[in-house]
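I opened this structure for a first look and kept short notes. The entries follow the order in which I looked things up.

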Amino acid sequence: MTRLWALSGIAAWVGVTLLLGESRRFTRPSLTERLRPYAPGTPGNGPRDPFSVATIKELLGPLATDLGERLARCFGVGEELGRRLARIHSPLDLSAFRLSQLGWALAGFGLGAVIDLVGAPPVVLGLLGVLGTPLLVFLVIEQRLASASKAWQRRLTLELPVVAEQLAMLIGAGYSLGAGLARLAERSHGVAGADLARLCGRIRHGLSESAALAEWAEVADVECLRRLIPILALHSEAPELGRLISEEARSMRRDVGRSLVEMMERRAQQVWIPVTVAALVPGVIFLAIPFIQALRAFSLGP
């Protein structure tokens, strides 16, 4: 009995020591925590709470990112999430977007479970609702991001000819390439203006003009911009850069015009689809009635 009490006391002493060791009142801050206020770029001066929201995000962020990327690849999404978020100037990063997506998927899972408990459907339908609802929510959020990315690319394609013409005019008036881009970033208000503002910010941070332009082309992933960037990269070599940019702007306008004509032709063809269906269905019904009557006559015989 005495040994049992002794072991219990030792275990209690060890447990209390470990608990008090985690408290800031009874422990001396580590060297990392003492140096944290003097480190540049630190978000806070004090140690983080292990149960805070920021700590939970840091723990679940990589897991949600990896799981989301795997699911996206399973459904045919090959483009990187970071590029799409940067393209539409989203304030969310990879971890924040995937955590939000995971949260909505868990909410869909809970909704499906509640519906199954209330409605009591068959087992197959219940499993389909519980597992299909979070997957559907995940795909809807992924589709919304893909639609926003494609819409941004489309608007950038439509704005680039005007931006290129204005840049050619500024360079012809004596502006340098960097000054012309900065001028357009200040005066533009569309998607191209937002991209140019980020481009000028990258240049001010120390990135060269050629590297910043190549980064813009990679993030935007627009064909006409990929053709324009090599021309802009010749700003230190080509004496008639404004004329080259003007010619490329006219080429962009022709490409945009052709794409608009193709879209109008496709829509004109789509108009005839309901007309054709509306004309064929009654005709098939009218032809089926005498055909069925003839088959009955042959089956009955003379």
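**Entry 1: I245**

I started with I245 and found it in helix α11. Helices here are DSSP runs of H or I with at least four residues, strands are runs of E with at least two, and both are numbered from the N terminus. I245 has 0% relative accessibility, so it counts as buried. For the cut-offs I noted that buried means under 20% relative accessible area, exposed means over 50%, and partly exposed lies in between, with a 1.4 Å probe and protein chains only.

Which residues does I245 touch, leaving aside its neighbours within four places in sequence? I listed A164, L167, A168, I171, L228, I231 and L232. Contact means heavy atoms within 4.5 Å. I also checked I245 against A164: they are 81 residues apart in sequence, yet their C-alpha atoms are 6.3 Å apart in space.

**Entry 2: what kind of model this is**

I noted that the model is predicted: local features need pLDDT of at least 70, side-chain atom pairs count only at pLDDT 80 or more, and totals for chains, interfaces and linings use all residues. Residues are numbered from 1 along each chain as its sequence is written, and side-chain values use heavy atoms, with hydrogens and water left out.

**Entry 3: the whole protein**

I looked up the elements next. The protein has 11 helices and zero strands. Buried residues make up 25% of its 302 residues. I then took contacts between residues at least 6 apart in sequence; 59% of them join residues at least 24 apart. The protein exposes about 20700 Å², and carbon and sulfur atoms supply 67% of that area. Accessible areas come from the Shrake-Rupley method with a 1.4 Å probe; for residues, only the protein chains shown count as cover.

**Entry 4: the core**

I went on to the largest nonpolar core, which holds 40 residues. Such a core is a set of buried Ala, Val, Leu, Ile, Met, Phe, Trp, Tyr and Cys residues joined through side-chain atoms within 4.5 Å. Which members touch the most other members? They are L156, W216, L225 and I245. Two or more residues each come from α4 (81–87), α6, α7 (177–187), α8, α9 (209–220), α10 (223–232) and α11 (241–300). I noted that α6 gives the most to this core, with 11 residues. In soluble globular proteins, nonpolar side chains tend to be buried together.

**Entry 5: α6 against α8**

Two packed helices are described by the angle between their axes and the distance between the axes. I looked up both for α6 (residues 123–172) and α8 (residues 191–204): their axes come within 8 Å and cross at roughly 80°. That makes α6 roughly perpendicular to α8. Axes are lines fitted to C-alpha atoms, for helices over the stretch in contact, and angles run from 0 to 180 degrees between N-to-C directions. Angles under 35 degrees count as roughly parallel, over 145 as roughly antiparallel, 65 to 115 as roughly perpendicular and the rest as oblique.

On the α6 side I found W152, R155, L156, E159 and V163; they meet V191, A192, A194, D195 and L196 of α8. By class, this contact has seven nonpolar, no polar and three charged residues. Ala, Val, Leu, Ile, Met, Phe, Trp, Tyr, Cys and Pro count as nonpolar, Asp, Glu, Lys and Arg as charged, and the others, Gly among them, as polar.

**Entry 6: α9 against α10**

I repeated the check here. The axes of α9 and α10 come within 10 Å and cross at roughly 175°. That makes α9 roughly antiparallel to α10. From α9 the contact takes L213, A214, W216, A217, E218 and A220; from α10 it takes L225, R226, I229 and L232. I noted eight nonpolar, no polar and two charged residues in it.

**Entry 7: two loop residues**

Most residues other than glycine have a negative phi, and most peptide bonds are trans. I looked at D221, in the loop between α9 and α10. D221 is not a glycine, but its phi is positive, about 55°. At 34% relative accessibility, D221 counts as partly exposed.

H89 lies in the loop between α4 and α5 (94–119). Its phi is also positive, near 60°. H89 is partly exposed, with a relative accessible area of 30%.

Is S149 buried or exposed? I found S149 in helix α6, and at 3% relative accessibility it counts as buried. Beyond its neighbours within four places in sequence, S149 is in contact with R84, R87 and I88. A148 is also in helix α6, but at 31% relative accessibility A148 counts as partly exposed. The C-alpha atoms of A148 and L85 are separated by 9.5 Å, with the two residues 63 apart along the chain.
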